[in-house]
Amino acid sequence: MLLAHSIRLGPTEAQCAYFARAAGTARRVWNWALAQCLQLSARGLPVRIFDLKKHFNSIKYVDPAWLNEDDQPWLRGIHRDAHAQPFANLNKAFARYFEQRRAGVRASPPRFKKKGRCRDAFYVANDKFRLEGKTAVLPKIGRVAMCEQLRFAGKIMGASVSREANAWYLAIQVDVPDQHARRSRQSNGVVGLDVGITTAATLSTGEKIPGPNPLRSALRRLRIRSRRHSRKKVKGRENMPSALAVADQPPRRKSSNTIKAANVLARLHARITHIRKDWSHKLTTRLCRENQAIAIEDLNVQGMLRNRKLARAISDVGWYRIRSQIAYKARRYDTLVVVADRWYPSSKLCSACGARNDGLILAVRDWTCSHCGMHHDRDVNATLNLKRLATGALAARTALPVASPTATSDTAAGILLAGGGKVTPVRHEHGQQDGSGQEENAEHICSRF
Ligand SMILES: [Zn+2]
C-alpha cells in the first residue's frame, strides 16, 4: 500500500536558497516544455514529451537561454531530478486532461506556472537520497534536519520537497507491505456521513460535529492581514511612474514591507490549512476506526465551488479532502466506503417510510413527512438514508465475498457504489507527487443544489 509521510525540514539558509532555486528550475522547465508542446501542436505536429526531454538534455548546458551572466550553465548547480521530473509531470498532466475530455468531463489543459502563484516543489528520486534517523541526506546539499523520523517501514519510492509559506517539507512516498499498513478497527458500526455547511459533519447516529473552533478567529485575522497586504500593493502602484515611462526599465522590486506583509499572510494561510487538515484527519480516522462501512455522498465539489455564495463555506469544511482521506484510510482499516450516486436524493427521502419529498429546498433545515408524519432533521435524515445504502452494500459484500467482479484484493476495502452509477477511484491524499498543480477532478452537476 502506497503511503506518504510529509515531514517538515529544518534547512539552513543556504539550503533554503537551494530549495528555492531547485523549485524555480522545476517551474521553468515545466513552462519551457509546455510552451514547446503548444508550439508543436499549433503547427499541427505530434507532441512527444520524451522527445522534448531529449531535446532539452541536448541544449540545457549550451543554449544561451539556460546560461547565466558568466555564460555558465547554471543547471549544473541543481540536481538532475529537479529538471527531469517536470517532463514526466507534464506527460501525466496531459494524459489526465485527455482522459477527462474523452470521458466527457469538464477539464482544463496544463497551465503555465507563475512564480509566487504556484506550488514550489521539486522531485528527488528514491536512489538519490537517504534517511539517517532525523536527517535526510539530499543530493547537492547534503544533510538536512527533519522534524521527525519517517513513520512507515517499507520501500521508499521517491520524495518531493515543497514549500508551504516559509517552511519546507519533504514528502516521502513509501510502499508499505499490506500487513504493516493495516490497522485494526475498534468497533464494527455502520455510519452515514453528511458534510454540510450549517453543520460541518452530521453522522447517522444523530451526532453533529461542528467545524474546527480556531478557524473562525483565524479567518477574521485573515481578513485583516489580507487588507494590510493589498493596501501595501495599492500604495506601491501609486508610487510607480506611468507605464510608458518605465517601459524600458526592469520591473520594480517589491518593497521589503510588501514582502513582509505577504509572508505574514502566507503563514496565516498555512495555519488555516493546518487547522482544517487536523480537524478532518481526526474525523476521518475516527470514522474508519469505528465503522466497517461508511456511506458518503458523491458531491460535485468543483461544480459547487463555482457557486460563489457557497464556495467559502464548502472549502472551509474541505469536502474534497474529507472524501479522499476516507478513501485511503478505509483501505488501512479495511472499511467499506459506499459512495451514493450523485443523483441519489438522500435529503429528500423520508428515512422512516421512504416517501419522497420533492419540494424540499436547501434552506429548509427540518421537515415533517406528509406520508408517515415523522419529523426529520434534514441532515440526520440524509445520513440515515446513506446508512441504509451502506448496510445494504455490506450485506451484499458478506453474502457474495468472491462472486462480485469488483471484489478483487484491491477494491474489496475500497469504494463501492450504491444507487447505480460509476465506481469512483481512490486517490491518495499525499500520494500525488507530480506537483503539477493539476488538481482538478472536474465533475458534473450536483443534484442537491
Ligand atoms: Zn415518511
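## Overview

Two residues are in contact if their C-beta atoms, placed from the backbone, lie within 7 Å. In this predicted model, residues 24 or more positions apart make up 73% of the protein's contacts that have a separation of 6 or more.

The protein contains 10 helices and 15 strands. It has 449 residues, of which 30% count as buried.

## Helices α1 and α3

Helix α1 covers residues 13-42 and helix α3 covers residues 80-102. Their axes come within 8 Å and cross at roughly 45 degrees. Because of this angle, α1 is oblique to α3. The crossing of the two helices is right-handed.

On the α1 side, the residues that meet α3 are Ala22, Thr25, Ala26, Val29, Trp30, Ala33 and Leu34. On the α3 side, Ala82, His83, Gln85, Pro86, Phe87, Asn89 and Leu90 take part. Sorted by class, this contact between α1 and α3 has 10 nonpolar residues, 4 polar residues and no charged residues.

Strand β12 runs over residues 336-340 and is mostly covered, with 5 of its 5 residues buried. Both faces of β12 are covered. Leu336, Val338 and Ala340 are buried on one side of the strand, and Val337 and Val339 are buried on the other.

The strand β11, residues 291-297, pairs with β12 in the parallel sense over 5 bridges. Isoleucine 296 stands opposite valine 339 in β12. Val339 is also among the buried residues of β12.

Notes: Residues numbered from 1 in each chain as written. Predicted model: local features only at pLDDT ≥ 70, side-chain atom pairs only at ≥ 80, totals over all residues. Helix = DSSP H or I, 4+ residues; strand = E, 2+ residues; numbered from the N terminus. Buried ≥ 20, exposed ≤ 12 C-beta atoms within 10 Å, placed from the backbone. Axes fitted to C-alpha atoms, helices over the stretch in contact; angles between N-to-C directions. Parallel < 35°, antiparallel > 145°, perpendicular 65-115°, else oblique. Left-handed = near helix turned anticlockwise from the far one by under 90°. Nonpolar A, V, L, I, M, F, W, Y, C, P; charged D, E, K, R; others polar. Pairing = 2+ DSSP bridges.
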